[in-house]
Amino acid sequence: MSEPLLKVDDLSIAYASEEGALQALRHATLEARAGEAIGIVGESGCGKSTLASALITLLARNARVTSGGVRFGGKDILAVSDEEQRRIRGRHIAMIFQDPMTSFNPVLTIGEQLVDFQDQREGLSKSDKRRAAAAMLKRVGIPDPERCLGRYVHELSGGMRQRAAIAAALLMAPQVLVADEPTTALDVTMEAQIIHLLRALRQDYNGAIVIITHHLGLVGELCDRVYVMYAGEVVEEGSTDDVYHSPRHPYTQALIACDPANIHDQTPVLPTIPGRLPDLVNPPQGCSFAARCARATDHCRSVAPPHVEVGSRHFARCHEALP
Amino acid sequence: MSALYEVENVSLDLAAPSAGLQRLLPGPAPRMTILSNLSLSVGQGEMLGLVGESGSGKSTLARAMMGLVKITEGNLRFEGQPVRSRADFVKVRQGAALMFQDAVASLSPRRKVAAQIIEPFQINGVPLPDGEKTPLAMLERVGLPPALAQRYPHELSGGQARRVSVARALALKPKLVIADEPTAGLDVSVQAEILNLMTGLRRDMGLSFLIITHNLAVVRHVTDRVAVLYLGRMAEWGPTREVFSRPYHPYTRSLIAAEPQADPRKRRADLALKGEIPSVLARPTGCEFHTRCPLARPRCASEEPRPQMITPERMVRCHFAEETRIETQGGNHGT
């Protein structure tokens, strides 16, 4: 198997807050290989946005890396200089944001921005860059690319905006493409089209795709491997098929159970996950899901669970994961 | 089931945003049709779902039902009484409540929760039912702790803000709650909590709900009936279970097929629905769906389909619904 292109290694990130250090990400380890699409799923507060900002080296000012790092191209990209981070960002690791409206400047045309994004490409004239931009817009399914280049972001529909944002991200042929909730702002029909587009792009894209979302359906449609996060930790990882069909962590099981898309019969009461996230300033000593877990024992509440291999490349952070 | 709120042949036009010199041209100013000849009724104690893409007119219909925008034609009836004048709408707003799409944005950032949830009483000059304890009683009804009364909206989670908007909607003990995207932006587990809260309220208080959403999974689980809107027109309606198991309108079928499957084994190779919803400024002739319809034929571009009642409970507006119907029934053979 090929070496991973991107490796998040034991990464912990804490935010300074009035109450103390908020441990948003705790010892997260994950990897993405060339040609692979991985999904990172979890609910609000699970640390997925912190992880996303670490991947594109745009951590908030009050964030501090307390352990580990992000390995890419033989370096820890969180430890290199700002200047080098800037070179990597966009050129080697690019991102698609949730709200495409905010990923473009409202007072410049799409064309001007797509030319600007190729700033680091040397030996190309402005008209070459414009041509490259038009070709990329065409590739992401924008019907009249020349016309789109002359438009402002507010003149495009939601679906077209997201396509333009994908084009912007792919323009420099990055090795890693990070998509943070790429379909959350869209209708179900536009979502299906974006899923279709990302899938088609995968066929001739050799880099790694990282999809970060709370939407199990999106990962189910697109990803080969999935990492499930809860309270700042990766609690389960494995192939999408294994995790969706035989989830071993009680949190993953609960999350899948309460997704209405998985419930086929009409039910008067939908399953929920009672309780709330633990306090991340003082994370629990034992398993972070213990307080909400029906199977938790005293052992779970006092001892942090190990990373248990429950199948081939399938892991769960749970004392009870093995039958 | 008797009707609580009836919408009959309602149309709504707005002046089109005409550019520059066009405004100076003689003749009537160009209009755009937002809702066209729409009929719908919400029964007593019923949960009705209204689905469609952005731009289909879902939220406009909700606002028209509350008198926040004026309809151009048609009739509205609440509890059997015609609703036309401003005074009629005042009555409607006491018997029906609207939950706005963005729960956090619909709360004032500067006022505490307690002060905001009792606003409906103040606006309508109704004395507080439980005196000073009113906010606490209201919060309790939606499963929120009393401490929340003293918080500001930014201190609430998405799910809590949504519950506060449910509490506020219930203040005047309405018979109908119109919920515009009640679960948008919520985590799946929280989404389920809000839906359970709504179904519980319906069971305990006999409330009717009109749930507006583009999330079909939500509609499928909690509603009795579903109405599908496309570009301001009704495409299809009927009992939820039947519409989902046997959709007659090609648009309904496409919407159902577009839903992402949380199961890697069920990935679809084909694309459900191509293109985008057309602009109301360039409304297609004939059947407004023909530009995207996989089954469109020449007739669809020229002739407007009329509503057909397949059964007393099911309506579809498609020239070829009969054929689709036979096809689907045949196709459903094995399942």
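**Note on the predicted two-chain model**

1. The buried residues of α7(B) pack against one helix of the other chain, α11 (250–257) of chain A, together with α6, β8 (208–213) and α8 of chain B. The model is a predicted one. The buried set in α7(B) consists of Val188(B), Ser189(B), Val190(B), Gln191(B), Ala192(B), Glu193(B), Ile194(B), Leu195(B), Met198(B) and Thr199(B).

2. The length of α7(B) agrees with expectation: at 1.5 Å a residue its 18 residues should span 26 Å, and its end C-alpha atoms are 26 Å apart. After α7(B) comes Gly206(B), with a positive phi near 70 degrees.

3. How many residues of chain B are in contact with chain A? There are 31, and they meet 37 residues of chain A. On the chain B side, α7, α8 (216–222) and α10 (250–258) each supply at least two residues. The largest share, seven residues, comes from α7(B). By class, this side of chain B has 14 nonpolar, eight polar and nine charged residues.

4. Helix α6 (residues 158–170) of chain B, one of the elements that α7(B) packs against, has 13 residues. From first C-alpha to last it reaches 19 Å, close to the 18 Å expected at 1.5 Å a residue. Twelve of the 13 residues are buried, so α6(B) is largely enclosed by the rest of the structure. Among the buried residues are Arg162(B), Arg163(B) and Arg168(B), as well as Val164(B), Val166(B) and Leu170(B). The cover over the buried residues of α6(B) includes β6 (96–99), α3 (113–117), α4 (119–123), α5 (134–141), β7 (176–180) and α7 (188–205) of chain B.

5. Chain A contains an open sheet of eight strands with mixed pairing, in the order β6-β7-β8-β3-β9-β10-β12-β11. At its edges stand β6 (93–96) and β11 (307–311) of chain A; each has a single partner strand, so one side of each is left without a neighbour in the sheet. From one strand to the next the twist averages 20 degrees.

6. Within that sheet, strand β3 (residues 37–41) of chain A pairs with strand β8 (residues 208–213) of chain A in the parallel sense, over five bridges. Val41(A) has Thr213(A) as its bridge partner in β8(A).

7. On annotation, the unreviewed UniProt entry assigns "domain: ABC transporter" to residues 6–256 of chain A. In the model, that span is 37% helix and 28% strand, and its end C-alpha atoms lie 27 Å apart.

Methods:
Residues are numbered from 1 along each chain as its sequence is written. Chains are lettered from A and ligands numbered from 1 in the order in which they are written. This is a predicted model: local features need pLDDT of at least 70, side-chain atom pairs count only at pLDDT 80 or more; totals for chains, interfaces and linings use all residues. UniProt positions are given in the numbering used here, feature names are shortened, and annotations may be inferred rather than shown by experiment. Helices (H or I, at least four residues) and strands (E, at least two) are DSSP runs, numbered from the N terminus. Two strands pair if DSSP finds at least two bridges between them. Axes are lines fitted to C-alpha atoms, for helices over the stretch in contact, and angles run from 0 to 180 degrees between N-to-C directions. The expected span of a helix is 1.5 Å times one less than its number of residues. A residue is buried if 20 or more other C-beta atoms lie within 10 Å of its own, exposed if 12 or fewer, and partly exposed in between; C-beta atoms are placed from the backbone. Two residues are in contact if their C-beta atoms, placed from the backbone, lie within 7 Å. Ala, Val, Leu, Ile, Met, Phe, Trp, Tyr, Cys and Pro count as nonpolar, Asp, Glu, Lys and Arg as charged, and the others, Gly among them, as polar.
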